[in-house]
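The sequence and structure are shown first.

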Amino acid sequence: MLKMFSTQLSGLFKRLHEKEEESMEDSARILAQALGGDGKIFIYATNEMKAVVSESLYSAEPLQGAEEWTEEHSIDNVSPNDRFLLFSRASDDSEVLSLAKKLAEEYIPFLSVSTIMSADSEGLQDIADVHIDLKLTKGLLPDEEGNRFGYPASIAALFVYYGIKFTLDEFIKEYEL
């Protein structure tokens, strides 16, 4: 089972790399604007996606300028140089959509990472400056009844996070931010 999961996960990473590489680069450019203008990179995530917040703040290689966005923060205190990075399992997550709408109303640039669940309903992909689709509409493994399980949303989000971070780190070195 683990070998099959590993194979499926490798395929997911390959699809994300091929389909979302340009969006990851665009995301890094937007985040570099915060660092170049003495702004902050606020990261907000729901549920299992909080793994990205932990990785960006507490890992051996934290994200420069990053801070977790919490309920204690206020949009009124966001500077024009600040940028946001939003993570959720689904693009129609009401909690993340609520923050995204506030950011859009205030013209605060933000990026979102989630799976587009339905192109017919409003989601993060419709309002974010850049949206990266995790392409995880179902689990990676089949069970004996034909259902799917093994839904590695946080693993996929961490892969995307690192794609953005590595590109941002290159920009920081190149432009001495």
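## The buried face of α2

In this predicted model, the buried residues of helix α2 are Val-52, Val-53 and Ser-56. They lie on the same side of α2, because the arc they cover around the axis is only 100 degrees. An α-helix has 3.6 residues a turn, so residues three or four places apart point the same way. Among the elements that cover the buried residues of α2 are β1, β2 (66-68), β3 and α5.

## Ser-56

Ser-56 is located in α2. Its relative accessibility is 0%, and it therefore counts as buried. Beyond its neighbours within four places in sequence, Ser-56 is in contact with Ile-43, Pro-62, Leu-63, Ala-66 and Tyr-161.

## The largest nonpolar core

The largest nonpolar core contains 38 residues, of which Ile-41, Ile-43, Leu-85, Phe-87, Val-160, Ile-164 and Leu-168 touch the most other members. Two or more residues of this core are given by each of α1 (2-36), β1 (41-45), α2 (50-58), β3 (83-90), β4 (110-115), β5 (130-133) and α5 (153-175). With 11 residues, α1 supplies the largest share of this core.

Which residues does Val-160 touch, not counting those up to four places away in sequence? They are Leu-16, Met-24, Val-113, Ile-132 and Leu-134.

## A separate core

Another core, of 16 residues, lies apart from the largest one. Its members include Trp-69, Ile-75, Phe-110 and Ala-128.

Notes: Residues numbered from 1 in each chain as written. Predicted model: local features only at pLDDT ≥ 70, side-chain atom pairs only at ≥ 80, totals over all residues. Heavy atoms only, no water. Core = buried A, V, L, I, M, F, W, Y, C linked by side-chain atoms within 4.5 Å. Buried < 20%, exposed > 50% of the residue type's maximum accessible area, 1.4 Å probe, protein only. Helix = DSSP H or I, 4+ residues; strand = E, 2+ residues; numbered from the N terminus. Contact = heavy atoms within 4.5 Å. Arc of directions from axis to C-beta.
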